[in-house]
Amino acid sequence: MQIYKVGGAVRDRLLGIPVTDIDWVVVGATTEEMLAKGFRPVGADFPVFLHPKSGEEYALARTERKSGRGYGGFTFHASPEVTLEEDLIRRDLTINAMAEDDQQNLTDPYHGQQDLKDRLLRHVSPAFAEDPLRVLRVARFAARYAGLGFTVAPQTLELMRQLADSGELQALTAERSWKEISRALMEDQPQIFIEVLRECGALKVLMPEVDALFGVPQPEAHHPEIDTGVHTLSVLQQSALHKLPLTVRWACLLHDLGKGLTPTEEWPRHIAHEHTGLKLIKAVNERFKAPKDCQELALLVGQYHTHGHRALELKPSTLLELLQSFDVYRRPQRFEEFIAACEMDARGRKGLEQRSYPQADYLRGAAAAARGVAVQPLLEQGFKGPELGEAIKRERLKAIKAYKEHA
Ligand code: ATP
Ligand code: MG
């Protein structure tokens, strides 16, 4: 059997980027031979194994044929006769379809090196269109390598457009889509992911709620960029510039969905968009089965981001309600993430990227004041049950009033 490094490890070495995980392809071997060498099989569906020591993935060279819709609609053919070139041609992009032996001899039948030089993300063969997940993958790679000057080749974008139009994207499972989306959002330029999806018509299919924001105006006084889609991308970009976690990035992407529902007569104002947006945020959350913390934060940010901006003007009772809604006493980190998302929303506006956001420290101070209320003295005074709850709330309100007066 011959073993080659493939995919990202080869690509990133040639780009001079640190390689994190290595994928291997094995030519000329059978499943039985792999098992005999101590490799552990990964799933029932794929001829993929884990190395007994390194734990890295080793896949038998295989060919693929589409036999139906969706990811289940593939038949694999793995056998010792499948050649390296046959395995490489089923891969998505030319820059991902190179292999390297242990002497660093490169096998590059589809001109991946040339495309690395030309900074092009190009499909390997027309079979690209057989797996709609590749639309998301290409958009993700575009986001990752935008900083190096990579763009999607026009013919590849055309294939992505055909895939988006074909209805195949709907056949993707939530799990496969979310994996790509979440990885893409964690790239340095996640807004490029959304832009590429939009350009090929996939955003309209995957997240019509986000797509609908483009062309929707906002008041120029607060939003010099005017367009809600442009604003959303800037907010997302800010969240990456500030190295914020996935939860915050997801919330940034979805915070203004309600603006897509505003009747055009009301433009450029968006009265109560925080509330109208909630059902849309819920729908997107559920469509991709986003993790619970992402879902929760997106909904909270959607509902309360304008509270965040008006923090200094909020009445003490409203401030308290805000803190209660976040359960800031038990979930202080989530409130920090909310503050971060609000700040990104404020900065994701043309020319205002560097503005200060005094609301952040003000909200932190209010939370600290409310959390500073000690329960023990109230217990000692004999409060119990619902009365205790009321007493705690009263004390917290007092603390916030005092804070507001001195802030
Ligand atoms: P990363 O740095 O994100 O791991 P990668 O290119 O190594 O990038 P993997 O998801 O680890 O991506 O996949 C390894 C290789 O398998 C890819 O380089 C590509 O050749 C191939 N591949 C993975 N998924 C697909 C797919 N859906 N369609 C075609 N080829 C794929
Ligand atoms: Mg990889």
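This is a predicted model: local features need pLDDT of at least 70, side-chain atom pairs count only at pLDDT 80 or more; totals for chains, interfaces and linings use all residues.

Me: Which lining residues are closest to the centre of the largest pocket?
Reply: Of the 44 lining residues, the closest to the centre are Asp23, Glu57, Arg137, Lys179 and Arg183. Each of these is Asp, Glu, Lys or Arg, and therefore counts as charged.

Me: How much space lies in the largest pocket, and why is it called a pocket and not a cavity?
Reply: About 1,400 Å³ of space lies in the largest pocket. A cavity is a set of points from which the 1.4 Å probe cannot get out, whereas a pocket is an open set, so the label pocket means that this space is open.

Me: Which element gives the largest share of that lining?
Reply: α5 does, with 6 residues. Elements that give two or more residues include α5 (133-145), α7 (174-185) and β2 (23-27).

Me: What makes His222 a lining residue of the second largest pocket?
Reply: Lining residues have an atom within 4 Å of a point, so His222 meets that cut-off. His222, His223, Lys259, His273 and Thr306 lie nearest the centre, among 22 lining residues. About 450 Å³ of space lies in this pocket, and α15 gives the most to its lining, with 3 residues.

Me: How does the lining of the second largest pocket divide by class?
Reply: The lining has 5 nonpolar, 9 polar and 8 charged residues.

How values were computed. Residues are numbered from 1 along each chain as its sequence is written. Chains are lettered from A and ligands numbered from 1 in the order in which they are written. Side-chain values use heavy atoms; hydrogens and water are left out. On a 1 Å grid over the protein atoms alone, a cavity is a set of points where a 1.4 Å probe fits but cannot get out, and a pocket is an open set with protein on both sides within 12 Å along at least five of seven lines; lining residues have an atom within 4 Å of a point. Grid points are joined across faces, edges and corners, and a volume is the space filled by probe spheres set on the points. Helices (H or I, at least four residues) and strands (E, at least two) are DSSP runs, numbered from the N terminus.
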